[in-house]
Amino acid sequence: MLYRVSHAAGAFVVAALALPSVSSATLLYVTSYAGTVTTLDLTLSSPSAGSLQAIATSTLCGAQPSWLTLVGSNLYCLDEAWGQNNGSLVWFDVNDGNLTLLDNVTTIGGPVSAVVYGEDGRGLAVADYGGNIGSGFNTFDIKDPASIQPIQAASWVLDHPGPVADRQGSSHPHQAILDPTGKFLLVPDLGFDRIHVLSVDPTTLRYTEQDPLLVAPGSGPRHGVFVKPDPETTFFYVITEIANQVSGYNVTYMDDNTLSFAQVVSSTTHGEYYTFPAGISGGEIAVSPDNKFLIVSSRNESFFNIPNWDVYNTTKLLSDPLISFSIDPKTGALYLIQTFPAGGMLPRHFSLNKDGTLLAAAAQADGRVVIISRDPVLGVLKEYVADVAIEGGVNCVIWGEEGY
């Protein structure tokens with residue numbers, strides 16, 4: 001079940017913000033389909049106001065950078081490489097925010113997501129969506145950044161197209177997700193309407209495929225997140241791109257080293273009974289650092305009109321929403337608490353800083369990164385702090401804090 005507490009659509013300011021600390025050296029990294037990887041410097045003049053500027057840019061990730069993962073001083077970038085025979089995994093040294101190319105390796109298809117796994121974080125799992133080229137799943141040993149080695153590669157083949165034939169004609173792995181124990185990798189497959197479940201040996205970094213988690217036909221699972229409200233409880237939530245829904249599951253770790261999923265939530269991204277016009281799609285899903293709140297983005301809604309970022313321009317801008325829920329720690333039920341403007345259209349990706357006081361949103365259609373303050377106690381977004389225009393379709397933004 002999903003329960004509504006309040007719906008703050010259009011509410012741009014929420015009281016009782018737990019204020020982030022002022023810092024002059026907060027770095028973020030962003031990719032754009034214009035072919036760039038950019039380092040941003042966020043400088044806060046007060047807890048609710050600041051500036052965001054680019055301090056380094058590289059075009060060496062490839063033609064269509066799509067995802068970033070930070071490991072120490074190494075920034076791993078995925079090149080989705082539309083229309084090419086293969087995609088690429090590229091990595092940079094980012095000491096002091098500089099983007100110094102180190103090397104690259106080839107992936108099966110168009111990579112769109114990566115996650116670190118294994119002992120000492122020396123494995124990297126990559127989901128390849130495909131597009132005009134092949135789709136699949138790759139793993140790499142990244143212990144030695146000077147000599148990254150492939151471990152395994154897999155492809156999944158559909159017997160027939162899914163219910164939405166123009167989107168589900170083939171397998172489309174959209175994300176690689178590590179479970180809280182570090183023993184399982186989950187891979188939402190938009191084309192296959194399932195979450196592939198892989199058990200992992202943390203020492204050898206090799207995986208074994210298990211029975212998948214099936215989702216509603218035609219829903220198109222995109223991204224997911226694990227939530228641990230307490231040491232004994234694990235939930236898994238997934239956002240679907242085609243149906244724009246959120247599904248939640250109670251996860252049980254079985255004695256035979258498998259996972260069991262019991263569904264506890266089935267809702268739209270706006271709540272249980274919301275109805276969407278055609279063309280709306282789910283974007284990103286994330287959990288707050290304290291595991292108490294879930295945030296999702298919905299794309300192509302034009303839900304809000306917001307002030308223009310150019311203070312001399314009175315023309316209002318359209319914005320899609322970021323939707324926040326509180327999580328019932330016992331049942332996994334979601335309580336809708338806020339709908340807030342993302343700062344632009346098509347918020348493909350967003351991320352929270354480590355203390356949950358700031359959110360960075362990538363408005364793909366606007367070519368803009370927006371920083372929004374957040375109250376980590378109430379779980380609500382507060383106000384815009386800073387923004388910067390980035391050429392092309394901004395598609396990923398992460399904080400310069402290891403773990404993204």
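L70 sits across from L75 of strand 6, a handy place to start reading this predicted model. Together strand 5 and strand 6 make a hairpin, with 2 residues left between them. In that turn, G72 takes a positive phi of about 60 degrees. As for burial, 7 of the 7 residues of strand 5 (residues 65–71) are buried, so strand 5 is largely enclosed by the rest of the structure.

Next up are the aromatics. The structure has 13 aromatic pairs. In one of them, F235 and Y237, the ring centres lie 6.3 Å apart and the planes meet at 55 degrees, so this pair counts as tilted. Elsewhere, F226, F236, Y249 and F261 gather into one aromatic cluster. A ring also features in a charge contact, where the charged end of R194 sits over F192, 4.1 Å from the ring centre.

Finally, a loop residue. Q364 is found in the loop that links strand 28 (358–363) to strand 29 (368–375). Its relative accessible area comes to 18%, and because the cut-off for buried is under 20%, Q364 falls on the buried side. Leaving aside residues up to four places away in sequence, Q364 touches Y33, M345, L346, R348, G392, G393 and V394.

Terms used. Residues are numbered from 1 along each chain as its sequence is written. This is a predicted model: local features need pLDDT of at least 70, side-chain atom pairs count only at pLDDT 80 or more; totals for chains, interfaces and linings use all residues. Side-chain values use heavy atoms; hydrogens and water are left out. Buried means under 20% relative accessible area, exposed over 50%, partly exposed in between (1.4 Å probe, protein chains only). Helices (H or I, at least four residues) and strands (E, at least two) are DSSP runs, numbered from the N terminus. Two strands pair if DSSP finds at least two bridges between them. Contact means heavy atoms within 4.5 Å. Rings of Phe, Tyr and Trp (its six-membered ring) pair if their centres lie within 6.5 Å; planes under 30 degrees apart count as stacked, over 60 as edge-to-face and the rest as tilted. A charge sits over a ring if NZ of Lys or CZ of Arg is within 6 Å of the ring centre and within 35 degrees of the ring normal.
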